[in-house]
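This report goes through one protein structure part by part. Please keep the sequence and the 3D view at hand while reading.

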Amino acid sequence: MKEKINLLDKDFSQMRNLMKQLGLPAFRAQQLFNWIYSSKISSFASMDNLPQSMIALLEEKTCFDPLKIISAQRSKDGTRKFLFELEDKKLIESVYLPYKGVRTSVCLSTQAGCAMGCSFCATAKQPLKRNLSCAEIVNQLLTIEKKVSRRISNIVLMGMGEPLANYSNVLKAVSIMNHKDGLDVAMRRITVSTCGLVKKIYKLAEEKLQLTLAVSLNAATDDLRDTLMPVNKKYPLNELMKACRHYAASTGRRVSFEYVMIKGVNDSRDQAIALASILKGTLSHVNLIRLNPVPSIKMQPAATGAIDMFKAILEMRTIPVSIRQERGKDIDAACGQLSGRKTLNLKRPPDSHSHKI
Ligand code: SF4
């Protein structure tokens, strides 16, 4: 039997083309986008402004089924972590983060596993299996929105995988998320992260999008970054910073630098001074993130005092910096931890708990 076409794999212009291929008027694309992404209905039968013949055709040839949730955890602070099983049984994770007021955020995966091998990361323990399709990326968000019955205001592509290594599917997913008839999330509220794929940063700069680029930095000297992030051997810091400055100049958007703080590894005064030095003159913002400890990785989170000192050193040198609020501490909060427990039998932290939802 011929496989059905997944409508979530189609950006707006592809949806219009698909309508034509199916012998339907192109304007039906907008109606489909509205039903799927704005009304968030779950079946063709609910699309009550479409003729029955079109509904029958769509049911026969296409689909937009939600992802299968096989496990979920809920933190005391409202953070919810979802483990999805894809059609080929690969496991991926997403996190839902509600904040006070109307702000809600999701962190989505872009690959099953990851090839980048960062030494502090639970996902790195799971080799890259494959890129996620556009449908699988968009569907994490759609499935979560339906599950939590809230509109998502901010999207972060910072879950399992290296987003820029899955460039075309990620950018197509971003266009659906941003489209006014799609999920209608402002481009400035969409963040794409990278561990530092320099060539792809230049490529992304050419798109002239207003999204936020987040660079996972984690060290301010090549010696140290080489040990934490193998990608640094291919793209050392001077090349990475040059690409980031180009991105900021091309888009007018400041680059967000993520710095996971690890006790006795990268939380020293020297690293803070070196970081201020490499960021000088760059349109940037630094996020200091306390490491989420993972039992299989022998690294500990930096102490509060060390993080405060690090922040003060950057501030003294006029580098914009904030300390990321810790969320989901009582669940498998680290990226890759929940799926790792399923696939690799990793142990759970002693104070974590999970809920079937
Ligand atoms: S930190 Fe990101 S890029 Fe590095 S191994 Fe983990 S998922 Fe991959």
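## The sheet

Ten strands make up an open sheet with mixed pairing, in the order β3-β4-β5-β6-β9-β10-β11-β12-β13-β14. The edges are formed by β3 (68-74) and β14 (321-323), each of which pairs on one side only. On average, and with direction ignored, neighbouring strands of this sheet are turned by 20 degrees against each other. The model described here is predicted.

Helix α4, residues 134-148, packs on the sheet. The strands that α4 touches are β3, β4 (80-85), β5 (91-98), β6 (104-107) and β9 (154-157). The direction of α4 makes about 50 degrees with that of β5.

Strands of a sheet pair through backbone hydrogen bonds, in either a parallel or an antiparallel sense. Between β3 and β4 the pairing is antiparallel, over six bridges. Ile69 has Phe84 in β4 as its bridge partner. The two strands β3 and β4 form a hairpin with five residues between them, and Gly78 in the turn has a positive phi of about 95 degrees.

β4 also runs antiparallel to β5, to which six bridges join it. Here Phe84 has Ile92 in β5 as its bridge partner. In the hairpin of β4 and β5, five residues lie between the strands, and Lys89 takes a positive phi near 75 degrees. Five of the six residues of β4 are buried, so this strand is mostly covered.

Strand β13, residues 284-290, pairs with β14 in the parallel sense over three bridges. Val286 stands opposite Val321 in β14.

## The two domains

The protein is divided into domain 1 (5-63) and domain 2 (68-343). Taken over C-alpha atoms, the centres of domain 1 and domain 2 are separated by 33 Å. Eleven residues from domain 1 and 15 residues from domain 2 take part in the contact.

On the side of domain 1 that touches domain 2, helix α2 (residues 28-38) gives the most, with five residues. By class, this side of domain 1 has four nonpolar, four polar and three charged residues.

## Around the ligand

There are 13 residues around the ligand, of which Cys114, Met116, Cys118, Cys121 and Ala124 come nearest. By class, the shell around the ligand holds eight nonpolar, four polar and one charged residues.

Conventions. Residues are numbered from 1 along each chain as its sequence is written. This is a predicted model: local features need pLDDT of at least 70, side-chain atom pairs count only at pLDDT 80 or more; totals for chains, interfaces and linings use all residues. Two strands pair if DSSP finds at least two bridges between them. Helices (H or I, at least four residues) and strands (E, at least two) are DSSP runs, numbered from the N terminus. Axes are lines fitted to C-alpha atoms, for helices over the stretch in contact, and angles run from 0 to 180 degrees between N-to-C directions. Two residues are in contact if their C-beta atoms, placed from the backbone, lie within 7 Å. A residue is near a molecule or strand if its C-beta atom, placed from the backbone, lies within 6 Å of it. Ala, Val, Leu, Ile, Met, Phe, Trp, Tyr, Cys and Pro count as nonpolar, Asp, Glu, Lys and Arg as charged, and the others, Gly among them, as polar. Domain bounds come from an automatic or database domain assignment. A residue is buried if 20 or more other C-beta atoms lie within 10 Å of its own, exposed if 12 or fewer, and partly exposed in between; C-beta atoms are placed from the backbone.
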